[in-house]
Amino acid sequence: MHKKMAILWVIALLMLLATTASEARVVEPTLLEMATTQTSHMIQTASVFEKGTYEIATITIRKSHPSSPPHPLLVVSPKTTREYPIILFVHGTFLQNSAYSDLFQHIASHGYIIVAPQLWSSVLFFPSQYHEIEMAASVANWLSKNLQDVLPSDVHGDLSKLAVSGHSRGGKTAFALALGITDTKLEVEISALIGLDPLAGRSKNHLTEPHVLTYVPNSFNLSIPTMVIGSGLGNQSILPIFVPPCAPNEVNYVEFFNECGVGTKFVLTNYGHMDMLNNELGFISSKASSACVKGNCRKVVARRTIGGLIVAFLAASFLQDPSDYVNIIANPSLAPARLYPVETKIRHD
Ligand SMILES: *[C@@H]1O[C@H](CO)[C@@H](O)[C@H](O)[C@H]1NC(C)=O
Ligand SMILES: *[C@@H]1O[C@H](CO)[C@@H](O)[C@H](O)[C@H]1NC(C)=O
């Protein structure tokens, strides 16, 4: 079923990119203008970058809840009676799941359920990357029998449309789940993957265990739709020489995408590693965030851009509606923030 949908939008992409034969293609600004004229009949307002029409509920679930989640959860869901795709989202280093609530609300308002566990309990007690992956896997397995118990009445999650996503170190966790690098056996099927500025460690010599990156191009054995979103300023330091960048070269989104055989990468050129978080942050999230270079632009624009990309990607992956995603790839200036480069890889076989 997903394969069919995935194939559908890959075909749409192929048609759009038919002018190039190379395996990976960076959309140059000049090509963008050509794409706009060639496909102008397809271009509509990219409403994915605006708030959607669903009224949403933001629900905090403690471990003591009768549904006994293995970890505390933030669930953001539409309220309207219906079935929706599900996104399991893993937060980044030192961050609170609630620091992403504005981004989650944007996505949920377009008809998606987001389940974001809190895996780091404090600055003193935090899991190793290995444990973080197992913790996220346990939440994924909890979904099938228990998600229903925490959703608004008559709202249903569709586990046949489950995406995993995560930011920073949580982005690596999402890749590990999708690649099956877990000791906990997954009882759910992952059908799409979104890496939000994923990070594999401090440097190539200090990768967190277990390793996900292999440093071999196109080596990930992934057959699900994949999107990688990077931050253009993530590899810069707030105080060069003294303070390392938050998302250093060789361990950041560039290498993750390099190892994807298929998928699309977007870069928010003028934004930093933490610029998709809420404006108002709790103490620890705000300290973690201040260690990273920030863009000069408003964070709400980064959240709208990332939220819109995720909504468009999931519509293409799950809802047989690739139109917005294809339009944005062809014409990234539809997004409120500058997206450059945009790169798409298509399997040739
Ligand atoms: C790739 O994954 C598929 C299942 O998704 C598996 O059957 C196959 O053996 C894997 N290939 C490699 C090289 O690991
Ligand atoms: C940051 O990453 C970009 C894209 O890979 C690269 O072109 C640039 O040189 C890097 N900047 C630094 C300071 O390493």
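This is a chat about a few places in a predicted model.

Visitor: Where is Lys345 in the structure?

Guide: Since the model is predicted, every value here is computed from it; Lys345 belongs to strand S12, which covers residues 339-345.

Visitor: Then what does the side chain of Lys345 make a polar contact with?

Guide: The side chain of Asn218 is a partner, with a polar contact of 2.8 Å to the side chain of Lys345.

Visitor: Let's switch to ligand 2: which residues surround it?

Guide: Asn235, Asn249 and Val254 surround ligand 2. A polar side-chain atom of Asn235 is 2.3 Å from an oxygen atom of ligand 2, and a polar side-chain atom of Asn249 lies 2.8 Å from an oxygen atom of ligand 2.

Visitor: How much of the accessible area of ligand 2 does the protein cover?

Guide: On its own, ligand 2 has 360 Å² of accessible area, and the protein covers 39% of that.

Visitor: What about Tyr253, is that residue buried or exposed?

Guide: Tyr253 has a relative accessible area of 10%, so it counts as buried, and its place is in helix H6, made of residues 253-258. Between Tyr253 and Leu199 there are 6.7 Å in space, C-alpha to C-alpha, while the two are 54 residues apart in sequence.

Visitor: How many residues of helix H9 are buried?

Guide: Helix H9, residues 323-330, is mostly covered, with 7 of its 8 residues buried. The buried residues of H9 include Asp324, Tyr325 and Asn327, and also Ile328 and Ala330.

Visitor: Now the surface: which residues make the nonpolar patch?

Guide: Phe94, Val123, Leu124, Phe125, Phe126, Phe283 and Ile284 make a nonpolar surface patch of about 740 Å².

Visitor: Where is Val123 found, though?

Guide: Val123 sits in the loop that runs between strand S5 (113-117) and helix H4 (129-150).

Visitor: And why does Val123 count as partly exposed?

Guide: Val123 counts as partly exposed because its relative accessibility is 39%, and that class lies between under 20%, which is buried, and over 50%, which is exposed.

Terms used: Residues numbered from 1 in each chain as written. Chains lettered and ligands numbered in written order. Predicted model: local features only at pLDDT ≥ 70, side-chain atom pairs only at ≥ 80, totals over all residues. Heavy atoms only, no water. Helix = DSSP H or I, 4+ residues; strand = E, 2+ residues; numbered from the N terminus. Polar contact = N/O pair within 3.5 Å; in protein donor to acceptor, adjacent residues only side chain to side chain. Patch = residues over 30% accessible without salt bridge, like charges linked within 9 Å, V, L, I, M, F, W, Y side chains within 5 Å. Areas by Shrake-Rupley, 256 points an atom, 1.4 Å probe, with all protein chains shown as cover. Salt bridge = Lys/Arg side-chain N within 4 Å of Asp/Glu carboxyl O. Buried < 20%, exposed > 50% of the residue type's maximum accessible area, 1.4 Å probe, protein only. Near = heavy atom within 4 Å.
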